[in-house]
Amino acid sequence: MAYNEVGMEMDVSTFHDKYNEFLSLFDNGKTMVLSTSVDSRVSSRMMSIIVADGLFYFQTDKTLRKYDQLISNPNVALSSKNIEIEGICSLVGNPLDNEEFSKAYKKSFLGSFNRYSSLSNERLFSIKPSFIERWLYIDGVPC
């Protein structure tokens, strides 16, 4: 079921329009907090996020703790300012093997692309969102 900004049901085409409008906020990439959890231990860190085909993408080194957490428990959350996203994370492969990601990441985060994307341990993940909430103020009222 799809809902608008004030919690009212909306038709599917309106939802897709609103969702695409929301995704456009990520056209230039966005740094967001990624939260993971394993064995009742939650951890969070800043990540550089790219959106392509309705999925959220980031890269990380497979020797880092977050990599093991993502493999053990794919349930994750992203947050930035007034945006909360929950979803399922999947290992995609090597960042340079995904042309669309590489192009967008290079455009938005050139320094990180140059430093990390070609490293042999670097891995690309995608997040399929299952819940998105964005707090807006309409006429001074939060919704």
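A residue is called buried here when its relative accessible area is under 20%. By that criterion, strand β3 of this predicted model, which spans residues 55-61, is mostly covered, with six of its seven residues buried.

On one side, β3 pairs with strand β2 (residues 41-52); the two run antiparallel and are joined by three bridges. Within this pairing, Ile 50 is found opposite Tyr 57 of β3. The two strands form a hairpin, with two residues between them. In that turn, Asp 53 stands out for its positive phi of about 50°. β3 also pairs with strand β6 (residues 122-134), again in the antiparallel sense, and here six bridges connect the strands. Gln 59 has Leu 124 of β6 as its bridge partner.

Six strands make up a closed barrel, in the order β1-β2-β3-β6-β5-β4 and with antiparallel pairing. On average, neighbouring strands of this sheet are turned by 40° against each other, direction ignored. Next to β2 in the barrel order comes β1, a strand of residues 30-38 that pairs with β2 in the antiparallel sense over nine bridges. Leu 34 takes its place in this pairing opposite Arg 45 of β2.

Two helices can be described in relation to the strands. Helix α2, formed by residues 65-72, lies across β1, β2, β3, β4, β5 (83-93) and β6. Its direction makes an angle of about 85° with β2. Helix α3, formed by residues 99-108, lies across β2, β3 and β6, and the angle between α3 and β2 is about 100°.

Leaving aside residues up to four places away in sequence, Ser 79 touches Met 32 and Val 33. With Met 32, the separation along the chain is 47 residues, while the C-alpha to C-alpha distance is 5.5 Å.

Key
Residues are numbered from 1 along each chain as its sequence is written. This is a predicted model: local features need pLDDT of at least 70, side-chain atom pairs count only at pLDDT 80 or more; totals for chains, interfaces and linings use all residues. Side-chain values use heavy atoms; hydrogens and water are left out. Contact means heavy atoms within 4.5 Å. Buried means under 20% relative accessible area, exposed over 50%, partly exposed in between (1.4 Å probe, protein chains only). Helices (H or I, at least four residues) and strands (E, at least two) are DSSP runs, numbered from the N terminus. Two strands pair if DSSP finds at least two bridges between them. Axes are lines fitted to C-alpha atoms, for helices over the stretch in contact, and angles run from 0 to 180 degrees between N-to-C directions.
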